[in-house]
Amino acid sequence: MLQRHAAGDTRENPSLIAAATTTTKMELLVPTVSDVIFKYTWPIPHYKKTISKKYSFDSPSFDLNVNGIHSSWNLSIRFWKGPEGKRITNPVVLCLNILNCNVEEVEQAKIRFQFAVFNADVNYWEYCNVSRTILELRSSSDIISLGYRDLSIVERHLKNNGELRVMVKIQIIQCESEKHSLSQDMAKLLKHPQIADTKLVCSMEDEKKTSEIPVHSCVIAARSDVLASMIRTIEPTVQDEKVEEQENDHPNDNNNADIKYELELMDLSREVVEALLRYIYTDHVDNLDQLAPQMLALAIRFRLQGLKEHCERSLTETITPENVASRLLLADEYGCDILKRAGLAYCEENAMSITKNFAWKMMEQVNPELFNEVCEAGMGSSRSSMNDSELSN
């Protein structure tokens with residue numbers, strides 16, 4: 001049951017009833033780096049007449065089969081009730097539900113989804129904000145509601161024949177790290193670097209000082225041939241030889257006794273280096289949404305293809321009207337074809353939501369070819385802007 005938590009709001013949704021019989025459309029979009037995005041469109045004929053007769057209705061079910069996960073889904077429309085128990089027909093509540101799931105073994109996955117409603121006046125989709133949730137997938141026939149969104153349906157959303165079209169994009173991202181402990185053990189090795197043989201030298205944040213991080217040359221070299229070529233043997237000095245003699249007499253007094261190599265990354269801050277090392281050791285990056293542009297540059301620089309794919313996925317997932325221009329510039333600079341296609345598609349579907357900012361002006365000046373490509377995709381300079389918050393007001 002949906003519940004309203006806003007102060008002073010006592011509306012409740014009614015119970016579920018049978019599905020409506022409508023035609024549907026489902027298509028496979030351009031996939032992200034390694035995870036498929038599905039797009040499901042639900043046309044509702046004679047919308048006003050339908051909601052006047054039904055207290056709730058569901059879309060026909062649709063199936064998603066991704067990497068051994070077999071599942072059935074649907075969309076549903078529900079209504080809030082006012083203080084006196086009367087049904088409220090605007091806004092309506094659009095819900096996303098899993099009807100059943102079949103997997104070989106229990107696993108965790110991140111579900112990313114985004115609702116939209118079609119603007120029939122100007123023929124484009126008005127998108128809601130992207131939602132994410134972590135779900136433990138197991139074989140089950142129980143209905144699970146993943147999320148909902150209030151939608152205000154107005155005249156611009158209805159075709160001349162009274163049809164309303166709503167849509168959802170769904171992405172299932174499997175959490176491979178939950179299936180084994182290798183990445184967790186490697187993270188411990190990074191945090192407690194016993195038998196480290198290399199000191200990585202980088203800069204301190206906002207200070208003209210250096211910072212040293214003990215790492216393992218074999219791990220670094222196995223992950224990046226570029227970084228491997230940058231590792232240098234530390235030439236011992238006379239003072240070092242004296243210190244080594246003392247350490248041999250007291251082997252447990254110094255943790256740096258085995259440091260024989262050095263890797264300098266003085267143009268990078270410790271924060272960025274730690275994020276880079278996190279990926280090198282564990283295949284993961286914390287706070288990737290914030291660090292993706294920097295990490296993408298390092299992925300190209302150090303030839304880390306897996307990191308590039310992680311960054312491209314994150315940048316694709318977090319496209320907004322405000323950052324789509326900078327995303328397109330990054331995609332063009334670093335050869336990220338999937339990110340570029342996603343950015344162009346976003347511009348085409350959200351042309352009315354996008355306004356020119358500094359990134360657009362920079363693109364127009366330094367990369368006119370890309371700018372013209374975006375314009376051809378539907379980003380007209382004369383179009384006005386629109387905020388998708390209209391969908392929930």
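I looked up Phe 118 and found it buried, at 10% relative accessibility; buried means under 20% relative accessible area, exposed over 50%, and partly exposed in between, with a 1.4 Å probe and protein chains only. This is a predicted model, in which local features need pLDDT of at least 70 and side-chain atom pairs count only at pLDDT 80 or more, while totals for chains, interfaces and linings use all residues. Residues are numbered from 1 along each chain as its sequence is written, and side-chain values use heavy atoms, with hydrogens and water left out.

Next I took the ring pairs. Rings of Phe, Tyr and Trp (its six-membered ring) pair if their centres lie within 6.5 Å; planes under 30 degrees apart count as stacked, over 60 as edge-to-face and the rest as tilted. I get 6 aromatic pairs in the structure. Tyr 40 belongs to strand S2 (residues 37–44) and Phe 62 to strand S4 (residues 62–66), so the pair ties together parts 22 residues apart in sequence. Helices (H or I, at least four residues) and strands (E, at least two) are DSSP runs, numbered from the N terminus. Tyr 40 is buried at 2% relative accessibility, and Phe 62 is buried at 5% relative accessible area.

Back to Phe 118: its ring and that of Trp 125 have centres 5.1 Å apart and planes at 70 degrees, so this pair is edge-to-face. Trp 125 is buried too, with a relative accessible area of 7%.

**His 157**

Which residues touch His 157, leaving aside its neighbours within four places in sequence? I list Val 117, Phe 118, Asn 119, Ala 120, Glu 126, Ser 152, Glu 163 and Leu 164, with contact taken as heavy atoms within 4.5 Å. His 157 sits in the loop between strand S10 (144–151) and strand S11 (164–174). I note it as buried, at 1% relative accessibility.

**Salt bridges**

I counted a salt bridge where a side-chain nitrogen of Lys or Arg is within 4 Å of a carboxyl oxygen of Asp or Glu. The count comes to 14 salt bridges.

- Asp 58 bridges to Arg 78, with the closest N and O atoms 2.8 Å apart. The two lie 20 residues apart, Asp 58 in strand S3 (residues 57–58) and Arg 78 in strand S5 (residues 69–81). Both Asp 58 and Arg 78 are buried.
- Lys 110 bridges to Glu 317, with the closest N and O atoms 3.7 Å apart. This pair links strand S7 (residues 107–119), which holds Lys 110, to helix H8 (residues 305–317), which holds Glu 317, across 207 residues. Lys 110 is partly exposed at 23% relative accessibility, whereas Glu 317 is buried at 5%.
- Asp 283 bridges to Arg 223, with the closest N and O atoms 2.5 Å apart. Asp 283 is in the loop between helix H6 (270–282) and helix H7 (288–301), and Arg 223 is in helix H3 (residues 217–223), 60 residues apart. Asp 283 is partly exposed at 34% relative accessible area, and Arg 223 is partly exposed at 30% relative accessibility.

I also find Lys 110, Arg 132 and Glu 317 joined into one network by salt bridges that share partners.

**Charges over rings**

I scored a charge as over a ring if NZ of Lys or CZ of Arg is within 6 Å of the ring centre and within 35 degrees of the ring normal. The charged end of Arg 87 sits over the ring of Phe 79, 4.6 Å from its centre.

**Helix H12**

Which residues of H12 (residues 368–376) are buried? I find Leu 370, Phe 371 and Val 374. They cover an arc of only 100 degrees around the axis, which puts them on the same side of H12; the arc is that of the directions from the helix axis to the C-beta atoms. Glu 369 and Glu 376 are exposed on the other side of H12. The cover over the buried residues of H12 includes helix H9 (324–334), helix H10 (337–349) and helix H11 (358–366).

**Cysteines**

How many disulfides does a search of the whole structure find? I get 0, with a disulfide taken as a pair of cysteine sulfur atoms within 2.5 Å. Cys 311 is in no disulfide, and the nearest cysteine sulfur, that of Cys 336, is 8.4 Å away. Cys 311 is buried at 0% relative accessible area, and Cys 101 is buried at 9%.
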